[in-house]
Amino acid sequence: KEPSSLRKSISQVWQEWRNAAGQFTSDRTFNAVALANAGFNFTSISAKFVLLPMLALDTWGLGASGLGLAMGAMSVLQLAAARPAAHLADVYGRRMALIPG
């Protein structure tokens, strides 16, 4: 059995977590932003990891290695573009950095 002090600390942590979650879920603005963010992430992930491979394999005729190279190239380009995009956002603002993308 676990010591009572450990059991008490786990229950305290759980209670604190429930209180924090209750504060977040009671804010309507937070709920709207969280729902929009989840929707964006679900659609972008499905496009990248479900639709793009289907298109590459069926329409473009790529094999498994070609698909792997394409997915790897996308990741490398995203990594290479992250710092310049952050610099543009810092210098010109978020909206101006988002217009080209």
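The radius of gyration here is taken over C-alpha atoms, and the globule rule is 2.2 Å times the number of residues to the power 0.38. For 101 residues, a compact globule would come out near 13 Å, but our protein has 22 Å. Its C-alpha trace spans about 60 × 45 × 25 Å along the principal axes.

Before going on, please remember that this is a predicted model, where local features need pLDDT of at least 70, side-chain atom pairs count only at pLDDT 80 or more, and totals for chains, interfaces and linings use all residues. Residues are numbered from 1 along each chain as its sequence is written, and side-chain values use heavy atoms, with hydrogens and water left out.

What is the pattern along the sequence? It reads α-α-α-α, with four helices and zero strands. Helices (H or I, at least four residues) and strands (E, at least two) are DSSP runs, numbered from the N terminus.

Let's meet two residues. I45 lies in helix α2, residues 28-58, and counts as partly exposed because its relative accessibility is 48%. M71 sits in helix α3, residues 64-92, and counts as buried because its value is 16%. Leaving aside neighbours within four places in sequence, M71 is in contact (heavy atoms within 4.5 Å) with K48, F49 and L52. Finally, the C-alpha atoms of M71 and I99 are separated by 24 Å, at 28 residues apart along the chain.

Methods. Buried means under 20% relative accessible area, exposed over 50%, partly exposed in between (1.4 Å probe, protein chains only).
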